[in-house]
Each structure stands twice: as structure tokens, then as C-alpha cells.
Amino acid sequence: MKESVRIFRFIIVGTLNALITALVIWVLMSGIGCNYLWSNIAGYVAALINNFCWSKYWIFSSRSGKFEREIPLFLVAFGCAYGLQFLSLLLMVEIGDMNEYLAQFLGMFVYGAVNFTMNRRLTFRKKEK
């Protein structure tokens, strides 16, 4: 598969994940009055399962069935991407005095870039022949 197709698929799935994340965050913050940090955690966890399935079978076409290898690596990639996103969220809101909703939105781009890179190069890496 061409890398441009893979990136396009990642953008589609990333958009779906962003909608899931944003919906959960919005419902928790606006509907229930949850703290923006707890809402952020819940939103990203909600999109995590969706992201793994689409990443494995459609974006990176990993049909090898090596779940015992891929799931831990996917979780490491998620942890790194989420950690950097969470740090950027804290910096934007607490130091930059940015609107919490805008910071949540911008943080999604940090997450997406780190997540794609790590899953492409680590989790679903094709073995060289």
C-alpha cells in the first residue's frame, strides 16, 4: 500500500476517533460538569479500542494475528501519544491560559502525529525480507 493511502486512511480513522473523543469530552464537561482533565482521559480511552481495530485491519493491514505482540506495543504508542498530548493540554491551559475546549482540540493533533508515527514504525511495522 502506498504511504499516501495509509496516511489518508489514518486521517479518516483519526477524524472518527477525534469525533468520539470530542463527544465524550463534551458530554462529560458540558453535560455532567466533569473536570476537563478527567473528561480528557475518558475521551481518549473511549477512542482507543476503535483506533486499534481500524489501525490493525485497515490502516496498517496487519492480518498476521500477532495480538500478543501488537496490543502491548499499541498501548505503548497510545501512552506516549497520550502523554505528550496531555502535557501539551496542561501547558496550553495552565500556563498559556488557553480556552479548555480549544486546547483539547489542538491536543488531538499532537496525539495524532505521535500515534501514527509510533504505530507505523513500531506496532505494525512490516518485517523486512
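**Entry 1**

I began with D97, which counts as exposed at 68% relative accessibility; in my notes buried stands for under 20% relative accessible area, exposed for over 50%, and partly exposed for what lies in between, with a 1.4 Å probe and protein chains only. The model is a predicted one, in which local features need pLDDT of at least 70 and side-chain atom pairs count only at pLDDT 80 or more, while totals for chains, interfaces and linings use all residues. Residues are numbered from 1 along each chain as its sequence is written, and side-chain values use heavy atoms, with hydrogens and water left out.

I placed D97 in the loop between helix 3 and helix 4, where helices are DSSP runs of H or I with at least four residues, numbered from the N terminus. I then looked up its separation from L75, and found the two 22 residues apart in sequence and 31 Å apart in space, C-alpha to C-alpha.

**Entry 1: helix 1 against helix 4**

I next looked at helix 1 (residues 3-32) and helix 4 (residues 100-123), which pack at an angle of about 145° with their axes 10 Å apart. The axes are lines fitted to C-alpha atoms, for helices over the stretch in contact, and the angles run from 0 to 180 degrees between N-to-C directions. I noted the crossing of helix 1 and helix 4 as right-handed, a label used if the near helix is turned clockwise from the far one by less than a right angle, with left-handed kept for anticlockwise.

For contact I used heavy atoms within 4.5 Å. On the helix 1 side the residues that meet helix 4 include E3, R6, F10, W26 and M29, and on the helix 4 side they include E100, Y101, M108, F116 and R120. I sorted the residues of this contact by class and got 10 nonpolar, five polar and four charged, with Ala, Val, Leu, Ile, Met, Phe, Trp, Tyr, Cys and Pro taken as nonpolar, Asp, Glu, Lys and Arg as charged, and the others, Gly among them, as polar.

**Entry 2: salt bridges**

How many salt bridges does the structure hold? I found three, using as criterion a side-chain nitrogen of Lys or Arg within 4 Å of a carboxyl oxygen of Asp or Glu.

One joins the side chains of R6 and E3 at 3.2 Å, N to O; both residues lie in helix 1, three residues apart, about one turn of the helix. I looked up their accessibility as well: R6 counts as buried at 6%, whereas E3 is partly exposed with a relative accessible area of 31%. Another bridge joins the side chains of R120 and E3 at 3.1 Å, N to O. Since R120 lies in helix 4 and E3 in helix 1, this pair ties together parts that are 117 residues apart in sequence.

The bridge between the side chains of E70 and K56 has an N to O distance of 2.4 Å. E70 lies in helix 3 (residues 67-95) and K56 in helix 2 (residues 36-59), so this pair ties together parts that are 14 residues apart in sequence. I found both E70 and K56 buried. Finally, I noted that salt bridges with shared partners join E3, R6 and R120 into one network.

**Entry 3: R120 on its own**

I went back to R120, which is partly exposed, with a relative accessible area of 24%. Not counting residues up to four places away in sequence, R120 touches E3, R6, F60 and R125. Its C-alpha atom is separated by 9.8 Å from that of A77, 43 residues away along the chain.

I found helix 2 and helix 3 packed at an angle of about 145°, with their axes 10 Å apart, in a right-handed crossing. By class, their contact has 17 nonpolar, four polar and three charged residues.

Leaving aside neighbours within four places in sequence, I found L89 in contact with Y36, L37, N40, E100, A103 and Q104. I also looked up S88, found in helix 3, which is buried with a relative accessible area of 15%; with the neighbours within four places again left aside, S88 is in contact with G107 and V110.

Conventions:
Helix = DSSP H or I, 4+ residues; strand = E, 2+ residues; numbered from the N terminus.
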